[in-house]
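Keep the sequence and the 3D view open as you read.

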Amino acid sequence: MKVLHIVENLERGAVENWLVRMLGHARKREIEVDWTFYCILEQPGAMDEKVRALGARVIHSPAPIVRKAKFVRALRMELLHGEYDVLHCHHDIVSAVYLLAASGMRIRRRIVHVHNADEAVLTPSRFKQRLYREPMRRVCLAMADLIVGISDHTLSTFLAGRSRREGRDLVLYYGVDPTPFETAKGDRLKFRQELGLAENSRILLFAGRMVPEKNPLFAVDVLADMHRMDPAVVGIFVGSGSLDEAVRQRAAELGLGAAFRHLGWRDDVPEIMCCCDWFILPRPEHPMEGLGLAVVEAQLAGLSLLLSQGIADDPLLPTANSHRLGLSLGPKAWAKAAIEISRRPPPSRAAAVAALRKSPFAMDSALTELISLYK
C-alpha cells in the first residue's frame with residue numbers, strides 16, 4: 001500500500017514528529033509501510049535524513065504553494081508517476097488544494113487529517129480567509145473518503161455542526177512514546193546547578209512555540225505573581241517563535257531577573273520536564289487547542305498542570321493533577337492555583353505511564369488505527 005503524506009516539511013512540527021514517530025515504531029515492530037513524504041516547503045527539514053534512513057522517501061515540491069498552478073502541476077505529476085494507493089493530506093482545510101490536484105486520478109483512498117482547530121487558510125487577508133474557508137471545507141467533505149481528527153473537539157470543529165458520518169468521520173489520537181520519560185534521569189539538582197539556580201528552586205515550565213496561540217506572555221505574568229508569593233519559584237521557557245523577544249522583555253519589565261530562563265529550542269525536553277514542578281499552557285480559549293500533546297508529555301514527566309479553558313479534556317489521563325482556569329481570572333488567580341495544587345501529593349510518573357498504555361495514545365494501538373485507515 002503506497003501512501004503519500006503531504007506535510008509542510010520534516011522540521012519540528014507536531015504533525016511531522018508524530019508521523020516520523022509512527023514510521024519508526026512500524027519499523028521497530030517489523031510492520032511494512034511504504035510511505036513517501038511530500039513537503040510543500042522547498043527547504044530541507046531537520047528530519048529528512050532520519051526519515052530516509054527509516055526507508056521512506058522525502059520529496060520537496062519544486063514550486064511553492066503560493067504559485068498555485070505550478071504547485072498543482074508538480075503534485076499531479078508526482079501522483080501520476082508514483083502510482084500511490086493513498087493520498088493522506090495533513091493540512092486541515094488547506095487539504096482541499098491537494099484533493100483538487102488529485103481529482104480524476106486512480107487513488108484508492110483520499111484522507112484529510114485535521115490536526116488543529118484554527119481553520120487557517122494560507123492568506124494573510126482576513127477577508128480572503130472568510131471567503132475561502134467554507135468552500136474549501138466543502139471540497140474536503142465531498143472529495144475525501146475519510147475525515148480524521150486528532151481529538152473529538154478538532155473533528156467537531158472541522159465538521160462545523162454537521163453530524164458525523166459513520167465510517168467516514170473518525171478520531172485518531174496521536175501515539176505517544178513514554179520511553180524518553182521512563183528513561184529520563186530527572187536529576188533535579190544537576191539541572192538547577194547547570195542553570196545557576198538555587199537548589200531549592202521550584203520550576204514553572206512553559207514548553208512550546210513562543211507564538212500568540214500559545215500565550216507565553218500570560219505565562220510570564222503568572223510566573224511573576226508566583227515568584228512574589230514564593231521567591232523559590234522560577235520559570236523555564238523552552239521553545240522559540242515570533243514572541244521570543246517580547247517574552248524576554250516582559251520578564252525584564254516585571255523584574256524577574258534571575259527567576260527567569262529562556263532556553264530556546266531543546267532536544268532534551270523530556271529530561272527538562274522531569275526536573276520541573278509545574279507545566280503551564282494558557283492558550284487563548286477561542287479557538288481551542290486541537291490536542292495538547294505537550295500536556296500528555298507533561299503528565300508522563302510527573303508535572304502538575306495549569307491549563308486554560310482553551311485546552312479540551314482529551315489529553316488528560318486519569319492520573320492528571322491539573323487545574324483549569326479561565327484567562328479572565330487573571331495571573332494572580334492562576335498563581336494561587338499553582339501554589340494550591342503544589343500542596344497535593346506529587347503526580348506519579350509510573351502511574352501516568354501505566355495509564356497511557358491503556359489509553360488511545362499507546363503507540364501500538366495508535367499505529368494499528370493509523371494503518372487501518374488505509375485498508
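Start at Pro-287, which sits in the loop between strand S11 (278-281) and helix H12 (293-300). This is a predicted model. The peptide bond leading from His-286 into Pro-287 is cis. Its omega is near -5 degrees.

Two other loops hold residues with a positive phi. Glu-83 lies in the loop between helix H3 (68-82) and strand S4 (86-89). Its phi is about 50 degrees, although Glu-83 is not a glycine. Glu-83 is exposed, with a relative accessible area of 62%. Asn-215 belongs to the loop between strand S8 (202-207) and helix H9 (216-229). Its phi is near 60 degrees, again a positive value in a residue other than glycine. Asn-215 counts as buried, at 17% relative accessibility.

Now turn to the sheet. Seven strands form an open sheet in the order S3-S2-S1-S4-S5-S6-S7, and the pairing is parallel. Which strands stand at the edges? They are S3 (57-60) and S7 (169-171). Each has a single partner strand, so one side of each is left without a neighbour in the sheet. From one strand to the next, the twist averages 20 degrees. Strands of a sheet pair through backbone hydrogen bonds.

Look at one pair in detail. Strand S5 (residues 109-114) and strand S6 (residues 146-149) run parallel and share 4 bridges. Ile-111 has Leu-146, in S6, as its bridge partner. Helix H6 (residues 152-159) lies across S5, S6 and S7. Relative to S7, helix H6 runs at about 155 degrees.

Strand S2 (residues 34-39) carries Thr-36. Is Thr-36 buried or exposed? At 1% relative accessibility, Thr-36 counts as buried. Leaving aside neighbours within four places in sequence, its contacts are Val-3, Leu-4, His-5, Arg-57, Ile-59 and Tyr-84.

Finish with the cysteines. A disulfide is a covalent bond between the sulfur atoms of two cysteines. How many disulfides does the structure hold? The count is 0. Cys-89 is in no disulfide, and the nearest cysteine sulfur, that of Cys-140, is 7.7 Å away. A disulfide needs sulfur atoms within 2.5 Å. Cys-89 counts as buried, at 0% relative accessibility. For Cys-274, the closest cysteine sulfur is in Cys-275. The two sulfurs are 6.9 Å apart, too far for a bond. Cys-274 also counts as buried, at 6% relative accessibility.

Terms used
Residues are numbered from 1 along each chain as its sequence is written. This is a predicted model: local features need pLDDT of at least 70, side-chain atom pairs count only at pLDDT 80 or more; totals for chains, interfaces and linings use all residues. Side-chain values use heavy atoms; hydrogens and water are left out. Two strands pair if DSSP finds at least two bridges between them. Axes are lines fitted to C-alpha atoms, for helices over the stretch in contact, and angles run from 0 to 180 degrees between N-to-C directions. Contact means heavy atoms within 4.5 Å. Buried means under 20% relative accessible area, exposed over 50%, partly exposed in between (1.4 Å probe, protein chains only).
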